[in-house]
Each structure stands twice: as structure tokens, then as C-alpha cells.
Amino acid sequence: MADEIPEAPAAEAAHAPDAGLHLSLQGVVQRFPAPDHDGEITVIDGLDLEARGPGIVMLLGPSGCGKSTLLYMMGGVRPFDVPSPTEGVVLVGGQPCEGAHDDVVMVFQRYGNRPDLTVRENVAYPFRFKLWRDRVDPSEIDRRVDEMLEAVGLADKAKLRPSQLSGGQNQRVALARSLVLRPRYLLMDEPFGALDAQTRDEMQRLLHDLHQTHPCLVVFVTHDITEALTLGDRVVVLSTRPAQVAADFTISEPRPRSTTWHRSTEAQRLEESILKTLHGGSGHGHLRVSV
Ligand SMILES: Nc1ncnc2c1ncn2[C@@H]1O[C@H](COP(=O)(O)OP(=O)(O)O)[C@@H](O)[C@H]1O
Ligand SMILES: [Mg+2]
């Protein structure tokens, strides 16, 4: 699929919204062997989800409901032991997702920075692989890495090692390493879950800023309602296992969202509806709400 995507000149790639972005999960079922090896458990049961265009889709759901499993499916990362999905179809840009995909990059709670490399080397790390070297002009690589270091506020820490950085700074390195590739799809699995509240706020703001300059399609898994309301153009709430989409909220309030908005009746109602859905109050059927 990489062949179908022309390499846009840097400046344009950073600003032009990409209208062809499309993730589609159709009738997705995921079964895993039960932990006691007695039969199977159905983790996801006939889930449908469509996401188009640049934007941030927050995926919220109870622990163990299958959020990471869904994200891995979209990223083409298969479990080593079972087929995934068991049934149904996952399309990325209209094409069946049959393995790790060049346009899709994942960010995890564990930063995955290499301790032996400097901050700069960590950000530039993907370009050690031929796949990425071939896609970016050599003269462009250094420029992109510098630009990303600047964008995440780590230009002055470029020569340090991950152990010399805080958790938030390490997550900035991971974000920079992902975005230096200019992915069309960014899949984030509770990336800020291990950070303290203030650092998390800063990272949310940073993600917003980076998304402004690089408007990709982000699917962001969280279990934090405030985070979902802070970042989401949409908040998709999953039911308890077996997971289905229980509710799908569209939030029209532009980002960054002020404290005043978070305290507004609209935001409070939204939070209550999400909580109710999470606790099963209106979790039956597929509730669609736009605010
Ligand atoms: N490869 C696997 N083999 C067996 N069970 C798995 C595997 N991956 C995930 N599970 C199970 O599927 C369920 C959902 O997992 P996960 O997607 O990680 O949930 P979440 O991210 O929503 O907390 C959990 O019960 C987990 O133990
Ligand atoms: Mg998870």
C-alpha cells in the first residue's frame, strides 16, 4: 500500500488536511482462548466503527473490554497465538488491513525509548530502517528530526539520554518519533496514563498543537472521561465485554477547550451521559449524540 501514497513535500504535508483518511471496522468479532484453556471468551462481538478524515476519535471503555485489541487490529498488529479479528473486516483507507501498515503508527503508555541512544537518536530511530529511509529524502531527515524536537520542546535536550528525562519528556520523545514519520493514522493506547495530572494536561495540549500542524486521523484509547472530553472530536464508548459500540458522541466545541467549557452545562451533561453509558445505564443499542 505504501506505493499508493505519494510522498508530499514537507511543508504541504504538514498542513494539508488529508481527505482520504478512513478507518473502518465491520462486524468485528474477537475470540481468545479462555485463560483456563477451557473453551473461548468473546472479547469483541460484532463491532462496527467508521472514522473518516483528520480528527481525534477517543475510544473509552471499561478495563478489559478489548480497547487495546481493537487498536492493534487497526494497526495490523496480530496476537502471536490467534487470528485477529476472528470474524469481520478491518479496512485502512478502504483496503483490508493485513499486517503492520506503513501509514499507521502506534504510541503506547510505555514509551519504548532506547536507553542507550540520545533523545535525538531516539527521534531519528525509524530512519535506521530501510522502509523509512527510502520514503524520505536523506537531506530531509535531519531537518524533520530537528523540527520535531522543536515542536515537542526538547531541542535543548537533544543530547541527553532517556534516563535523564522525566516521564512526560520521555513520552514527548515517543510522540516525536511517531510524528517524524508523518503518519496518516496515529493510534494511541492510553499514552498519558502513567503521567501526573499536570504533565498529562501539558501532553494533551501538545497533542492538540501537533495535530493542528499534522492533521492525521488519531484513535486515542483512554479510560479518563476528562481526557476524552478535552481531546475528542468524537468519543466512542464501548460496552463491557463482549465489546460493542454503546454510544458515539460528537463534540463540536473547538479545541483547545477552556476550563469554562469543561464547566459548562453541555460538558457536564456529556460527562453524565458517558458515565451512564459506561455503567450500563444506556449501554444497550448504539446511542448517537452530537453536541
Ligand atoms: N493474545 C491474547 N490471548 C488471550 N487473551 C487475550 C489476548 N489479548 C487480549 N486478551 C484478553 O482480551 C481481553 C481484552 O483485552 P484488552 O484489549 O487488552 O482490553 P483493554 O485494553 O480494554 O483493557 C482481556 O481479558 C485480555 O486478557
Ligand atoms: Mg488496554
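These legends walk you through several views of one predicted model.

View 1. Start here to get your bearings. Laid along the principal axes, the C-alpha atoms fill a box of roughly 55 × 45 × 40 Å. The protein has 291 residues, and a compact globule with that number would have a radius of gyration near 19 Å; the protein has 19 Å, so the two agree.

**View 2. The surroundings of ligand 1.** Which residues are closest to ligand 1? They are Phe 32, Lys 67, Ser 68, Thr 69 and Pro 79, out of 13 residues that surround the ligand. To trace the shell, look for strand 1 (22-33) and helix 2 (67-75), each of which supplies at least two of its residues. Helix 2 gives the largest share, with three residues. Sorted by class, the shell around ligand 1 holds five nonpolar, six polar and two charged residues.

**View 3. Helix 6 alongside helix 7.** Two packed helices are described by the angle between their axes and the distance between the axes. Here helix 6 (residues 167-179) and helix 7 (residues 197-213) have axes that come within 10 Å and cross at roughly 15 degrees. An angle under 35 degrees counts as roughly parallel, and helix 6 and helix 7 are therefore roughly parallel to each other. The crossing of helix 6 past helix 7 is right-handed.

**View 4. The residues where helix 6 and helix 7 meet.** From helix 6, look for Gly 167, Gly 168, Gln 171, Arg 172, Leu 175 and Leu 179; they meet Thr 199, Glu 202, Met 203, Leu 206 and Leu 210 of helix 7. This contact between helix 6 and helix 7 is made up of five nonpolar, four polar and two charged residues.

**View 5. A cis peptide bond between Ser 84 and Pro 85.** Omega for this bond is about -5 degrees. You can find Pro 85 in the loop that runs between helix 2 and strand 4 (87-92).

**View 6. A cis peptide bond from Arg 255 to Pro 256.** This bond has omega near -10 degrees. Where does Pro 256 lie? Follow the chain to the loop between strand 10 (245-250) and helix 9 (259-262), and there is Pro 256.

**View 7. The backbone at Arg 182.** Although Arg 182 is a residue other than glycine, its phi has a positive value, near 50 degrees. Look for Arg 182 in the loop between helix 6 and strand 7 (185-189).

Conventions:
Residues are numbered from 1 along each chain as its sequence is written. Chains are lettered from A and ligands numbered from 1 in the order in which they are written. This is a predicted model: local features need pLDDT of at least 70, side-chain atom pairs count only at pLDDT 80 or more; totals for chains, interfaces and linings use all residues. A residue is near a molecule or strand if its C-beta atom, placed from the backbone, lies within 6 Å of it. Helices (H or I, at least four residues) and strands (E, at least two) are DSSP runs, numbered from the N terminus. Ala, Val, Leu, Ile, Met, Phe, Trp, Tyr, Cys and Pro count as nonpolar, Asp, Glu, Lys and Arg as charged, and the others, Gly among them, as polar. Axes are lines fitted to C-alpha atoms, for helices over the stretch in contact, and angles run from 0 to 180 degrees between N-to-C directions. Angles under 35 degrees count as roughly parallel, over 145 as roughly antiparallel, 65 to 115 as roughly perpendicular and the rest as oblique. A crossing is left-handed if the near helix is turned anticlockwise from the far one by less than a right angle, and right-handed if clockwise. Two residues are in contact if their C-beta atoms, placed from the backbone, lie within 7 Å. The radius of gyration is taken over C-alpha atoms; the globule rule is 2.2 Å times the number of residues to the power 0.38.
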